[in-house]
Amino acid sequence: MADTKPTYYITTPIYYPSGKLHIGNSYTTIACDTLARYKRAMGYDVFFLTGTDEHGLKIEEKAEKLNTDPKSYVDGMAKDIKELWKLLEISNDKFIRTTDDYHEHAVQVIFDRLLKQGDIYLGDYEGWYSVDDEEYFTETQLAEVYRDKDGKMIGGKAPSGHEVELVKEQSYFFKMSKYADWLLDYYQTHPNFIQPANRMNEMVNNFIKPGLEDLAVTRTSFTWGVPVKTDPKHVVYVWLDALMNYITALGYATDDNDQLFKKFWPANVQMVGKEIVRFHTIYWPIFLHALGLELPETVFGHGWLLMSDDKMSKSKGNVIYPETIVEHYGLDALRYYLIKAMPYGNDGSFTPEDFVAKVNYDLANDLGNLLNRTVAMINKYEAGKLPEFKAGVTEFDADLEQTAAETIANYNDLMDKLHLSDALSEIWKLVSRTNKYIDETAPWQLAKSDDAADTEKLASVMAHLAASLRVIGSLISPVMTHAPKEIFTQLGLDPESLSLTDLKLSDLPAGNQVVAKGTPIFPRLDMEKEVDFLKSQMTQSDKKKGRAAMAAAAKAEVAKHEAAIEGDWNPAETELNLTKPEMVFEDFEKVELKVAEVVTVQKMKGSSKLLQFRLDAGDEDHRQILSGIAKWYPEPEVLIGKKVVIVGNLKPRKMMGQLSQGMLLSAEHGDEVQLITVPDNIPNGSLIS
């Protein structure tokens with residue numbers, strides 16, 4: 001009989017093995033693993049892919065510094081990453097390496113096919129190249145530019161902070177420009193292709209509309225890569241090589257071995273960090289279209305996990321390694337925290353204080369204590385056996401039953417829409433409601449009564465508590481791999497029966513024996529001690545260097561042009577002047593604060609201080625606001641799609657010849673300024689009162 005299960009194909013990015021992976025990398029893989037486990041539990045035939053991107057000049061140079069050859073170096077790194085994924089209990093079905101023979105062969109086949117059909121051509125390339133980023137940059141894209149005494153550009157720094165060098169070489173190019181109009185149309189007709197939706201605005205406004213340039217897809221200045229069959233002095237450059245892993249892993253372009261490709265392609269979800277969304281939503285769909293292949297259903301670009309042992313700041317990036325967390329606090333604590341800490345599509349943050357608090361309050365207090373109390377009471381009041389579940393026995397049962405049903409429905413909807421953090425929040429509504437149910441029903445009072453009705457109520461309360469924990473354990477099972485089994489075991493349920501298919505509160509098996517004495521599944525932590533420990537384990541990340549470099553470059557640029565701009569722009573008249581005299585309430589009532597969405601934003605020509613915003617504030621047309629915050633947003637495109645707060649009824653005024661129709665609200669602390677943002681679900685034009 002043919003397999004009738006629906007299929008689900010999910011991929012992580014393939015990780016570049018140039019250094020040890022931290023919990024930011026782990027987030028992506030754990031998030032994909034959560035979705036894979038969820039879909040399996042819902043009855044899907046899942047294929048989950050992860051792996052490593054192992055070619056390029058950076059690897060060649062890294063190996064040389066370590067006095068080894070590139071293959072030996074990447075072999076060791078791939079082994080370490082596989083061991084990390086094993087530690088994190090990642091349930092991937094395959095681990096691809098771009099040095100795998102079948103992948104290299106398939107890339108050669110794909111390159112030749114694109115060359116023969118005219119999508120690839122030979123030319124000469126000259127541009128500024130970052131070895132560490134494996135990316136070319138134009139002068140305007142650089143965070144910092146170096147010039148000689150005559151003003152000629154001689155180098156610079158990429159947005160990552162890595163140095164760039166001038167590269168001149170012969171290269172094969174892919175005709176990206178040929179497909180720009182097709183891609184724009186595809187975006188319009190497939191609104192779910194890029195998620196969250198604001199990432200699409202970034203791609204269109206920052207990369208496609210300004211003009212999509214043809215892409216260099218080979219290099220001749222190094223040899224560690226896939227050689228072009230017909231011209232072996234060229235090796236295939238990173239993105240044409242790396243991106244193809246998602247189809248070569250399924251057997252595409254291999255002889256008589258493409259059954260997995262036929263079964264699982266196109267992918268349902270391809271999850272990546274926001275810094276590589278461009279490559280996965282511009283280059284990747286164009287490559288696929290040129291090959292005549294369907295595109296993935298969704299490319300999801302999640303935010304960054306920002307870390308700090310002080311106040312949150314992108315310029316203070318710290319990292320902590322997953323092995324440290326797992327060793328000291330257990331795997332479930334790490335997996336729960338990472339999924340909970342990352343809001344849908346936005347940046348999340350790791351702080352030692354927040355980590356310890358979530359373990360203590362969410363896991364130990366709310367969930368762990370609920371299990372402990374339930375097991376103890378079933379032993380005390382029901383001789384350790386689960387009573388039969390009966391609906392509506394006490395006056396509080398119906399509300400708990402309704403909360404459980406709503407939680408299950410909302411959870412499934414949120415998981416399907418990739419709102420993983422929100423799905424956990426939904427589960428904790430049921431955790432909270434169940435804890436409240438204990439206080440409402442007061443089982444210790446019912447146990448004192450000799451009334452038969454109270455005895456029945458007590459049994460119902462115990463059944464409802466156990467049933468609620470059974471549902472909670474099932475719902476958290478895609479995220480946490482140990483606690484759900486422990487919950488089931490302590491309740492006398494078979495851990496192998498964990499399932500999300502047709503989950504109901506009423507399906508509690510009666511008569512099962514709970515454990516004689518429950519043990520805490522999440523012991524409480526000493527806040528001060530554990531915060532100090534975590535701070536001692538945090539180390540400086542590479543991203544700090546880049547963002548600090550960009551901030552320093554922006555600061556230097558501000559100082560350089562300050563005198564020239566002062567005549568046109570007075571900071572005391574803008575939103576950055578936050579020290580103001582008292583006002584009476586009647587004056588404050590005149591201020592109209594509105595929610596507006598950033599449609600486009602760019603640096604103001606002729607000014608290093610001003611950003612030029614186009615905003616949707618629910619008006620008939622978009623409005624323009626100029627804001628002197630360029631210093632704090634060296635990459636202003638990250639603001640596209642954000643919901644901000646504006647003063648909507650401020651009299652328009654001209655600044656440097658441009659009309660500014662309002663004011664953006666921002667917060668200032670020390671030398672840091674940050675725009676005030678609001679949740680994405682608040683409609684544009686909403687009034688704030």
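This is a predicted model: local features need pLDDT of at least 70, side-chain atom pairs count only at pLDDT 80 or more; totals for chains, interfaces and linings use all residues.
Helices here are DSSP runs of H or I with at least four residues, numbered from the N terminus. Going by that, I110 sits in helix α4, which covers residues 101-116.

**Helix α1**

- Running over residues 23-41, α1 has 19 residues.
- From first C-alpha to last, α1 reaches 26 Å, close to the 27 Å expected at 1.5 Å a residue.
- Of those 19 residues, 16 are buried, so α1 is largely enclosed by the rest of the structure.
- Look just past the end of α1 and you'll find G43, which takes a positive phi of about 95°.

- I110 has a relative accessible area of 0%, so it counts as buried, the cut-off being under 20%.
- Leaving aside residues up to four places away in sequence, I110 touches M244, I247, T248, Y252, A253 and L291.
- For a sense of scale, take Y321: I110 and Y321 are 211 residues apart along the chain, and their C-alpha atoms are separated by 37 Å.

**H55, in a loop**

- You'll find H55 in the loop between β2 (45-52) and α2 (57-65).
- H55 is buried too, because its relative accessibility is 4% and the limit is under 20%.
- Its side chain makes a polar contact with the side chain of D241, at 2.7 Å.
- D241 also turns up among the residues H55 touches, along with Y16, T98, T99, E104, E134, W224, G225 and V226; residues up to four places away in sequence are not counted.

**The largest cavity**

- What lines the largest cavity? The residues are Y27, F300, H302, M342, P343, Y344, G345, L418, H419, L420, S421 and D422.
- Two elements, β15 (298-302) and α15 (420-441), each supply at least two residues of that lining.
- The largest share comes from α15, with three residues.
- Sorted by class, the lining has seven nonpolar, four polar and one charged residues.
- Y27 is one of the lining residues, and its number falls within the 23-41 stretch of α1.

How values were computed. Residues are numbered from 1 along each chain as its sequence is written. Side-chain values use heavy atoms; hydrogens and water are left out. The expected span of a helix is 1.5 Å times one less than its number of residues. Buried means under 20% relative accessible area, exposed over 50%, partly exposed in between (1.4 Å probe, protein chains only). Contact means heavy atoms within 4.5 Å. A polar contact is a pair of N or O atoms within 3.5 Å; within protein, one must be able to donate a hydrogen and the other to accept it, and residues adjacent in sequence count only if both atoms are side-chain atoms. On a 1 Å grid over the protein atoms alone, a cavity is a set of points where a 1.4 Å probe fits but cannot get out, and a pocket is an open set with protein on both sides within 12 Å along at least five of seven lines; lining residues have an atom within 4 Å of a point. Ala, Val, Leu, Ile, Met, Phe, Trp, Tyr, Cys and Pro count as nonpolar, Asp, Glu, Lys and Arg as charged, and the others, Gly among them, as polar.
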